[in-house]
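Please keep the sequence and the model in view while reading.

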Amino acid sequence: MDLKEKMHSGALYLPHDPDLLREQFSYLDRLYDFNQTRPTELQKRAELLKSMFAEIGEDCYIEPPLHANFGGRHVHFGNHIYANFNLTLVDDTHIYVGDHTMFGPNVTVATAGHPILPELRRQGYQYNASVRIGKNCWIGAGAVIVPGVTIGDNTVIGAGSVVTKDIPENVVAVGNPCRVLRAIGERDREYYFKELKIPKGL
């Protein structure tokens, strides 16, 4: 198994290979360019994202600064995705995000991990596990999603949550570790926040 296969299979590998680092730094240069754009340079940002990401759909908006280990090289975004300030994508392997998903500020999505055994960590070993986030999700401010997690469609992850296990679709989940609080239900069709009602016609 070569290095690239190890990166995307969950196998242990050493990430400091000189050829891999040269490739990684080329992606990080493009990320740097993206983060230096002016707020009015929306077309330039869109063009950079298309060159940076593995896949990115239509009408996606990412508010700089964006942080990504491989500059987005292993990130797959659907359509109409919004990300607020300081989205961190530890994209040593693949991250998949469905259409119409939103990220609050300071969210971290991590695919990289390190062994618990101190001797292996001292040598610098790493492993990666893909993350999948469904369509029409809302990931609240400051949430952390760890390697190997899947989040189902339409789900809301509360601010500050640490998502360590899979979360099903159509729920509100909160906490550390993140757990399902409740299903999305009929009350959500009437109220959008506490006692504030959704206006008729929306």
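The structure is a predicted model.

- Strand 18 (residues 171–174) runs antiparallel to strand 19, and four bridges join the two.
- Within this pairing, Val 171 lies opposite Ala 183 of strand 19.

**Salt bridges**

- Side chains of opposite charge can pair when their charged atoms come close.
- Arg 189 and Glu 186 form one of the salt bridges, with their closest N and O atoms 3.4 Å apart. Both Arg 189 and Glu 186 are exposed.
- Glu 195 is joined to Arg 187 by a salt bridge in which the closest N and O atoms are 3.1 Å apart. Glu 195 is exposed because its relative accessibility is 57%, whereas Arg 187, with a relative accessible area of 43%, is partly exposed.
- Lys 197 and Glu 190 also meet through their side chains in a salt bridge, at 3.3 Å from N to O. Lys 197 is partly exposed at 49% relative accessibility, and Glu 190 is partly exposed at 37%.

**Asp 91, a buried charged residue**

- Asp 91 sits in the loop between strand 6 (87–90) and strand 7 (95–97).
- Although Asp 91 is buried, it has no salt bridge. The nearest side chain of opposite charge belongs to Arg 73, at 8.3 Å; a salt bridge requires the nitrogen and oxygen atoms to be within 4 Å.
- What does the side chain of Asp 91 reach at 2.9 Å? It reaches the backbone nitrogen of Gly 72.
- The backbone nitrogen of Arg 73 is also reached by the side chain of Asp 91, at 3.2 Å.
- Beyond residues up to four places away in sequence, Asp 91 touches several others, including Ala 68, Asn 69, Phe 70, His 74 and Thr 111.

**Thr 93 in the loop between strands 6 and 7**

- Thr 93 is placed in the loop between strand 6 and strand 7.
- With a relative accessible area of 1%, Thr 93 is buried.
- The side chain of Thr 93 makes a polar contact of 2.7 Å with the side chain of His 8.
- Leaving aside neighbours within four places in sequence, the contacts of Thr 93 include Met 7, His 74, Thr 111, Asn 128 and Ser 130.

- Cys 60 takes part in no disulfide, and the nearest cysteine sulfur, that of Cys 137, is 14 Å away. Cys 60 counts as buried at 17% relative accessibility.

Terms used:
Residues are numbered from 1 along each chain as its sequence is written. This is a predicted model: local features need pLDDT of at least 70, side-chain atom pairs count only at pLDDT 80 or more; totals for chains, interfaces and linings use all residues. Side-chain values use heavy atoms; hydrogens and water are left out. Two strands pair if DSSP finds at least two bridges between them. Buried means under 20% relative accessible area, exposed over 50%, partly exposed in between (1.4 Å probe, protein chains only). Lys and Arg count as positive and Asp and Glu as negative; His and the chain ends are not counted. A polar contact is a pair of N or O atoms within 3.5 Å; within protein, one must be able to donate a hydrogen and the other to accept it, and residues adjacent in sequence count only if both atoms are side-chain atoms. Contact means heavy atoms within 4.5 Å. A disulfide is a pair of cysteine sulfur atoms within 2.5 Å.
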